[in-house]
Amino acid sequence: MIHLKPALAALLVLSTQCVAIDLFVKSSGGNKTTDIMYGLMHEDINNSGDGGIYAELISNRAFQGSEKFPSNLDNWSPIGGATLTLQKLAKPLSSALPYSVNVANPKEGKGKGKDTKGKKVGLANAGFWGMDVKRQKYTGSFHVTGEYKGDFEVSLRSAITGETFGKKVVKGGSKKGKWTEKEFELVPFKDAPNSNNTFVVQWDAEGAKDGSLDLNLISLFPPTFKGRKNGLRIDLAQTMVELKPTFLRFPGGNMLEGNTLDTWWKWYETIGPLKDRPGMAGVWEYQQTLGLGLVEYMEWADDMNLEPIVGVFAGLALDGSFVPESEMGWVIQQALDEIEFLTGDAKTTKWGAVRAKLGHPKPWKVKWVEIGNEDWLAGRPAGFESYINYRFPMMMKAFNEKYPDIKIIASPSIFDNMTIPAGAAGDHHPYLTPDEFVERFAKFDNLSKDNVTLIGEAASTHPNGGIAWEGDLMPLPWWGGSVAEAIFLISTERNGDKIIGATYAPGLRSLDRWQWSMTWVQHAADPALTTRSTSWYVWRILAHHIIRETLPVDAPAGKPNFDPLFYVAGKSETGTGIFKAAVYNSTELIPVSLKFDGLNEGAVANLTVLTGPEDPYGYNDPFTGINVVKEKTTFIKAGKGGKFTFTLPGLSVAVLETADAVKGGKGKGKGKGKGN
């Protein structure tokens, strides 16, 4: 289990509570809520893109590099005694991909010499810390130049024993001075016993006239989510689908800003054929391929029926540098062009026509655009002041003029000491201790409807008494922290008319390399290690029961009685009653008596309760497969007076949903109620 510093060992200040909490949910007097309460946020951190949800299996497939991360031959090894050399050819595959690998025959035999007869040479790729091999169809391609007569062979092999699990002959040779693309499909004849595997491209050494060949953009994909070309890894995409999200905020996140003003996430370098994408120096200590680009993000949104929240670069980099007011023209124009690419008419706009040529003639709909990312953080105070004084006002004005129907979000919120202009929303990113989340339960109650706010990132990241930025990040989401997140989310739902939506961040983390440990889901090359964290279960249960209209709740003495029970109530789309609650600061069972106005004795509901381990620091361990979260759904009937009575244990999260519509609802719900 997790070992903490003694000073950090106390998670909860516990109290006892055994007096029943009697609650009456009124039938009117609440507010309509947001249509996109729960969603996703993605940027490439923790190898959550390359090596994560982006399904490409080949690591360093195109030898992309930058000043920060120079091109190299990492993850490549020679086959058959060949020599691998990184080359910058006079005629590269493309200007975006200037480097390629030269694979030379063994020195003792060149070209058609007798020493090469019958020998095969090539290269192998180790993948992103391995490669999952199953009896399924893999699709791949590679580009080759050099005079060669013969065929190529691709295969998937064990990196330990060399056993071949599947191979395919790729017909035809190549020409000197001309790049030839080879495409193939490969179906292994057996599953590999583990993920310690490699992908191999090889050929007859004697067929290479000049003793070597050059290769680039070597790619291999397993089946992808919804069958998309250049798409998403199925198991990781499925963990997101199971959360029932309604929006996708992208591309971050610090990735949007880049390390410097020259290395931001240039959307126009993320579109088109892969050979025309140069990649970028990632902000999380690795080079990124940009294979998961603007179009792929929009296809992700399409395939999960998500509302896109598109972040646009606003002239601030993570090194603190920012664009002066006199030079903001290009920043504004590239942002407007990006939205034109997404929404512009294919016949009448420049960038709409580009989109159509890339296979998307129909414009996408974009309702939300966020200007920048965390502009209150990098370069402050000067960078933040530039955002308030001119960067945000200039960009908002330009968007309002060209795209008046798009809703603008500022990257800070009023909680970051920025007055959000009328007509715009803010973005709040709380990374807190459990106690801090609980203490802020009423934080959004004081928001006015003029201060609409997105929770674009949130997580309980460090234990009470710890400081995330001083190394106290927990190794994984833990049950006590996840319950505190539930309380925070209940507070956002209570103010669903002022909160646009909420999402956890980051969502994904490689178990082999990460920069931020706290994520919904952990993954590796082996899908068996894909792990849904304690927080994932909490966010899922809340997202599976959406309140469309909040309802006032009367407690004894006519006022809310929060702590240790934190709650919200309302109506679903079909009018069924929903009650959500979480218990914190209690060692005793909490008796609850709940009455919905209009429901009488005999009314039925489903009560789903999540509980965790006795140790509040318990977490879901990817390597043992132990899930500490227990979920139980109970069918209950209202007793005398139409009251549902039940008890909730300490550190629990619960959702009750009635089978029938409450007073003022639309009609019948779903039979015996909605489970999870």
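This is a predicted model: local features need pLDDT of at least 70, side-chain atom pairs count only at pLDDT 80 or more; totals for chains, interfaces and linings use all residues.
Local features were taken at pLDDT of at least 70 and side-chain atom pairs at pLDDT 80 or more, while totals for chains, interfaces and linings use all residues. Residues are numbered from 1 along each chain as its sequence is written, and side-chain values use heavy atoms, with hydrogens and water left out.

Start with the helices (DSSP runs of H or I, at least four residues, numbered from the N terminus). H3 (residues 294-303) packs against H4 (residues 328-343) at about 50°, and their axes lie 12 Å apart; axes are lines fitted to C-alpha atoms over the stretch in contact, with angles from 0 to 180 degrees between N-to-C directions. That angle makes H3 oblique to H4, a label for whatever is left once under 35 degrees (roughly parallel), over 145 (roughly antiparallel) and 65 to 115 (roughly perpendicular) are taken out. On the H3 side, Leu294, Val295 and Met298 meet Glu338, Phe341 and Leu342 of H4, contact being heavy atoms within 4.5 Å. Five of these contact residues are nonpolar, one is charged and none is polar; Val, Leu, Met and Phe are among those counted as nonpolar, and Glu is among the charged.

Now for the strands (DSSP runs of E, at least two residues). In S32 (residues 604-611), seven of the eight residues are buried, meaning under 20% relative accessible area with a 1.4 Å probe, protein chains only. S32 runs antiparallel to S33 (residues 630-637), joined by eight bridges, and Thr611 has Lys630 of S33 as its bridge partner. S32 also pairs with S35 (residues 652-661), again antiparallel, over seven bridges; pairing takes at least two DSSP bridges. Here Leu607 sits opposite Leu656 of S35.

How values were computed: Buried means under 20% relative accessible area, exposed over 50%, partly exposed in between (1.4 Å probe, protein chains only).
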